[in-house]
Structures are given as C-alpha cells and as structure tokens.
Amino acid sequence: MGTLSEEIFSYKLGRTVQQGETVVVDVDRVMSHDTTTPLAIQAFRKLAQRNGGRVFDARRSHIVFDHIIPAATIAAATLHRDIRAFAQEQDISILQEGICHQVMPERGYVTPGDVIVGADSHTCTYGALGAFATGMGSTDIGVAYATGRTWFRVPQTINIRITGTLPFGVYAKDVTFEMVRRVGVDGANYRAIEYTGELVEQMSVSERFTLCNMAIEMGGKAGLVAPDATTQAWLRGRTERDYPLLAPRDPRYERVVEIDASRLRPMIACPPDVNNVVPVEEVEHVQIDQVFLGTCTNGRLDDLAIAANVMRGKTLHPQTRMVVVPASREIYLEAMRLGYLEIFVQAGASVGTPGCGPCIGRHYGVLAPGERALTTMNRNFTGRMGDPTAEIYLGSPATVAATALTGHITDPRNFL
Amino acid sequence: MSRIWMLGDNVNTDVIIPGRYNVTTDRAQLARYCLCEVLPEFSQQVQAGDVVMAGHNFGCGSSREHAPAAFLASGVQAVIARSFARIFYRNAVNIGLPVLVCEDAVLASADGQQIEVDLASGVIRNVTSGQTFQAEPLDPFVARIVAAGGIIEYIRQEGTLR
C-alpha cells in the first residue's frame, strides 16, 4: 500500500516500506557522464580495493559522453581520455550517442520498478517509465559503482494531477511551467512527484519524459508516472526483461496540485529562475539573439517535428541564429529521414552532434555579454549558457521555432 | 573567529561553480572560480575558516559535486542556510563539508560579520552581535556519515553500506 515510490521500495526490499524511512537498496543501474565521472572514479578508487578493484556489475554501469562532445577543449579531451581508460579497465562500454537521459531509456536500460541513480540532476527523467530514478553527486555514484547500493530516505510525495486537454499551441512543456509556477523552485525539495490524471494517461512517453525531467526544477527527488499500456508499447523492442507494473495503492500524498490544462496558454520562464513564468504575450517584445532546440527536456522527435512544421520553407530572422541538437542518434537519424533536419538547415540553423549542446555553456552556441536566448532547456540560470550578463528564456519547441522566424519572443499559435 | 559571506535564496550550482569552469578535478581551479559571477572578490578574499550563509534552497540545480568541493577547496568551514537543495546537501555531507540548517542565524546575521561555529553541537555564535543560535539536528543516518567524516569513511568503518 502506498505511493508509487513506496511501492517500488517495498518491491525491492521485499517488505512494506513507508515514507520517512531510511533504506539501503541495491540499485538496478548506475550512470554518470563525462563531467561527473572523473570525481566518481576518484570516490570509486577509495573503496575499490574492497571489491577487487571492479565495479559491482559492468553491464549495469553506464558512462555516457554527452556534456562536451566532441571535446571542445584540451581539458575536456583529457577528461574523456582518462574516463575511456577507466571504462576499458572496467569493461564498461561508453555510450556516445546522445544525452544520457535519452540514451538510457532508448537502450532499454530503464524499466518500470527499477531503482536507478545517476550523476546528473535530470536523472529523474526516467520516472516517466515508472522507475524510481534520482540524481546524485559523483561520490554517491562512485559508492554505487563500487557497492551496487545506495541509501535513500523514502520520500513524501506530491501528486500533480493534470486534467483537461492541451489547447491549440500548448504543449507538455507549458504544463511544466505551470507546475513550477505553482509548486515553486523548492516546493518539492526531498519529495517525489507523482503525475496522474487523464491528460497524463493520454500523453506519449516523450511528453511524460518532459514532465518528469522538470521535477528537479521544483527540487523533486524523483518524478514518476505509473506504467501503463503506453509504457509497455514504448518498451517493446527495447528490452526483453520482465518488469513489474507497480502502481500507487491507496497512496498518502502530502499534497495534491490540480492543473486543468484546458485553461493554459503558451508560457515563458523568464530569467533567472524557472518559476518566473509569464504568458508568452507579456514578453513578445523581447529581442532574441539565439534560439536553441534540444536537450533532455525537449530534444525528441516530436519536439523536432513541431518545430519543423513551424519552420518548413522559411528562413531565420536575420538577427537571430538557431542551434538544433537532437537528443540522441536514434532521433537524429529519424529526423534526417523525415526531412526535419533539412528544414532546419535550409532555414539557416546549425544542427549539432546529439548531446547536451549549448545547455551548459561549455561549447557550441555560447552566449556573449548582454545577449538573449530562447531555448527549450529546463534551466534559465544566470551564466548557464555563457556570459553571466546573457539572459536565458525558456519555452516550448513551437514557441522557440516561431521566435526563430521573427527574432523576438513570439506566440506560436500564429504559426501552427 | 571567521567572516560571514552572506548570499540570498535559490543560489544554484551554476552560480557556485559555472559549467565552463568545472571541466576538471583540480580543486585549486574550483576554488579559483567559486562564486566568480556573483562575488568576484570571494576567491581572493576568503580565509580558511570563513562561513557561507544563505537563504532558502541553497545549491539547487545540477548534481555537480564540484559545487561543495569548491567551498571545501576555498577553506570554507561550514555553509549555514535556511534550507538546502537535496543533492547539494547530500554531496556536502558525503565529502565532509559541514552544512547546517539554521533559519534564525541567517535572518539575524549580515555579510562581513564575525561568527563562531561549534560543528559538534551545532551552536552558532554571531560574535559581532553576541547572539547565539542552535542549528537543526541532523537526520540520524546523516549524522552517522557526518561523524565518520564522509560517506567513503563511513563505508570503510562499517565495512559496507548499511
């Protein structure tokens, strides 16, 4: 009996677990990426002699190169080299085919009921498939690589119930802005978020990824959607493993947040915090130097399709540049076959190697002092994309595409 | 005695150590760029034993452990906040950076004041004002990790994670 998180931990431990309890559990998967792996290796080495110097299970240990690929600097190349040596020593195959949070599910490494820890805060994305997945720092991940275990305080849960239907021009991303506006940037600190309601049930897995990805922007430890037929259909062909279809049973939620999606409009999260949300028409005058379509929030095929439909046969505003980065190789190839990439390139955009792209300001699309970007990212923090005086606005893929054409923040409903 | 460096609410890890400076495991580099955008003078002026104070949700954002590591490398004795974001808090505990939650101490203190912190008891004394505060007690499991000096030391002592 309990929330989905309680059900998952009870299933894992073979006893009834309740929120507030501290538990030590075996993890199903451990993940780290090119920026967080080096410190994880240092932590791992301090414990490794106890385990014969080996990770707990090389097949369930995953290192993804996505934050700075291809390496943009000698420092990044050096870290990559050192991580490759570690991976080779441990028989871990490095994944270099997109953003960790897209590639892990695509490869079938995430199934319902799993407990997964990753050295990246957006690891909560995997909850879209009914896994309990959370971001941790490198030392926790080094411990998990060494022991196959971690500890948790079983979280209290906020239930976000999303009803209604998405109005024309309003997308899952706009719903997440409403969530963050209502819950606040720390309103879900230490808590899990369970997304329920008729709209969530109707959403694709891709849209559910967007919802769960943004859980951390409210401080959430995990964001979860109970697995259903949509989940099973998505997983078919990606994994052969059996998995339990756990669901909340008489859950005791700390709080229920009701969102009627039918009442929403396209929204923008203004700098420098994600809860600084306004309807798009309030900021339509803002000139934009660069738009960015991509990331673990909105770099999937449906996101690219929405933007491509807006931009088909058109060209970028002359004062605005555009970067498009598909979230994974699988998406990149499919977007190529479907002609989306051609639409972006014809319009004047640069299309980059699947990965995090400009989201963290380390390479490829860095902002100059005073510049403004509108992006499909999850964070608009000061300095995240380059100079600290640059400003980052967040929107849906449709809003980003419409803005690419006009040069200022634009309501996408006139372009759909 | 130590100086207080006062910060506001929702200080995120991009602010503590920007992404373009954390492509490294070099602690000296992390210290050099710690808070470089909001407090450019911090890395030059911070003294060993100084205390960082902040409002709500300190350390929100990315999971980068470079953020608490940057404070440790800067010689910061402790971070005291009204509340911490979960991943930052856990990272700090894991690597042995003392983190205390004390609403009253933060509200009654100001940047540049002098402070004394007794980490064992959680007693915080603002030397400038003479006021004394008690930090919130730690979760029992967290207290065991803190007592060991970090998660690695804890596991070494216990023989395993349990």
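Me: Which residue stands opposite B:V51 in β2(B)?

Reply: In this predicted model, where local features need pLDDT of at least 70, side-chain atom pairs count only at pLDDT 80 or more and totals for chains, interfaces and linings use all residues, B:I4 stands opposite B:V51. Residues are numbered from 1 along each chain as its sequence is written, while chains are lettered from A and ligands numbered from 1 in the order in which they are written.

Me: What makes β1 (residues 2-6) and β2 of chain B a pair?

Reply: Strands (E runs of at least two residues in DSSP, numbered from the N terminus, as are helices, H or I runs of at least four) pair if DSSP finds at least two bridges between them; β1(B) and β2(B) have 3 bridges, in the parallel sense, and therefore pair.

Me: Why is the crossover from β2(B) to β3(B) called right-handed?

Reply: β2(B) pairs with β3 (residues 78-81) of chain B over 4 bridges, also in the parallel sense, and the chain passes between them through helix α4 (residues 66-73) of chain B. The crossover is right-handed because, with the strands pointing away from the viewer, the path from the first strand over the helix to the second runs clockwise.

Me: How do you know that both faces of β2 (residues 51-54) of chain B are covered?

Reply: B:V51 and B:M53 on one side, and B:V52 and B:A54 on the other, are all buried, which means that each has 20 or more other C-beta atoms, placed from the backbone, within 10 Å of its own.

How values were computed
Buried ≥ 20, exposed ≤ 12 C-beta atoms within 10 Å, placed from the backbone.
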